[in-house]
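Thanks for asking me to look this one over with you. Please have the sequence and the model open side by side as you read.

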Amino acid sequence: SIHNIRCAIRYISGSPVRSALFDACAKVVKVPCKGSLCLDVCTRWNSSFLMLNMALKFEKAFERFKNDDCNFENELKENVPAKKDWENARCLGKIFRAIL
């Protein structure tokens, strides 16, 4: 689940056009968060928590982006975040919060 969300963030942040489209999707679905997506650093586990925490705030924007960007599913193939990935991310967030 972390890998799938990471792949989606990497895809979106890999292009200014895709980033702008994602920002537009976030506005359309009225994401209340004013922050932006961030990738984790493999040597710092707490950065995975920060990445997931921010991505969860944009979950609806990811769904909208999947519909608006025709290459998203083609590029990520089986790594497109599914409903179960978001559920797992919520569970992991609770575990990370308990540790921190």
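The points below go from the overall fold to single residues.

1. A word on the source before anything else: this is a predicted model. Please read each value below as computed from that prediction.

2. The overall picture is a helical one. The protein has six helices and zero strands, and along the sequence the pattern reads α-α-α-α-α-α. Its radius of gyration is 13 Å, close to the 13 Å that the globule rule gives for 100 residues, so the protein is as compact as a globular protein of that length. Along its principal axes, the C-alpha trace spans about 40 × 30 × 25 Å.

3. Of the 100 residues, 38% count as buried. The accessible surface comes to about 6200 Å², and carbon and sulfur atoms hold 55% of that area. As for contacts with a separation of 6 or more, 74% of them are between residues 24 or more positions apart.

4. The aromatic residues deserve a careful look. There are eight aromatic pairs in the structure. In one of them, the ring centres of Y11 and F72 are 5.5 Å apart and the planes meet at 55°, so this pair is tilted. Y11 belongs to helix α1 (residues 2-13) and F72 to helix α5 (residues 72-76), so the pair ties together parts that are 61 residues apart in sequence. Both Y11 and F72 are buried.

5. A second pair to find is F62 with W86. Their ring centres lie 5.1 Å apart with the planes at 50°, so this pair is tilted. F62 is in helix α4 (residues 59-68) and W86 in helix α6 (residues 83-99), so parts that are 24 residues apart in sequence are tied together here. F62 is buried at a relative accessible area of 3%, and W86 also counts as buried, at 1%.

6. Now put those pairs in their setting. Y11, F22, F58, F62, F65, F72 and W86 form one aromatic cluster. Y11 has a charged neighbour as well: R18 lies over the face of its ring, 4.1 Å from the ring centre.

7. In helix α3 (residues 45-57) you will find S48, which is buried with a relative accessible area of 11%. Leaving aside neighbours within four places in sequence, S48 is in contact with R6, D40 and F96.

8. The other is A26, in helix α2 (residues 16-28). A26 is buried, with a relative accessible area of 9%. Not counting residues up to four places away in sequence, A26 touches V31, F58 and A61; of these, F58 is a member of the aromatic cluster.

9. Finally, the cysteines: how many disulfides does the structure hold? The count is zero. A disulfide is a covalent bond between the sulfur atoms of two cysteines. For C33, the closest cysteine sulfur is in C38, and at 10.0 Å it is too far for a bond. For C70, the closest is in C25, at 12 Å, again too far for a bond. C70 is exposed, with a relative accessible area of 63%.

How values were computed: Residues are numbered from 1 along each chain as its sequence is written. This is a predicted model: local features need pLDDT of at least 70, side-chain atom pairs count only at pLDDT 80 or more; totals for chains, interfaces and linings use all residues. Side-chain values use heavy atoms; hydrogens and water are left out. Rings of Phe, Tyr and Trp (its six-membered ring) pair if their centres lie within 6.5 Å; planes under 30 degrees apart count as stacked, over 60 as edge-to-face and the rest as tilted. Helices (H or I, at least four residues) and strands (E, at least two) are DSSP runs, numbered from the N terminus. Buried means under 20% relative accessible area, exposed over 50%, partly exposed in between (1.4 Å probe, protein chains only). A charge sits over a ring if NZ of Lys or CZ of Arg is within 6 Å of the ring centre and within 35 degrees of the ring normal. Contact means heavy atoms within 4.5 Å. A disulfide is a pair of cysteine sulfur atoms within 2.5 Å. The radius of gyration is taken over C-alpha atoms; the globule rule is 2.2 Å times the number of residues to the power 0.38. Accessible areas come from the Shrake-Rupley method with a 1.4 Å probe; for residues, only the protein chains shown count as cover.
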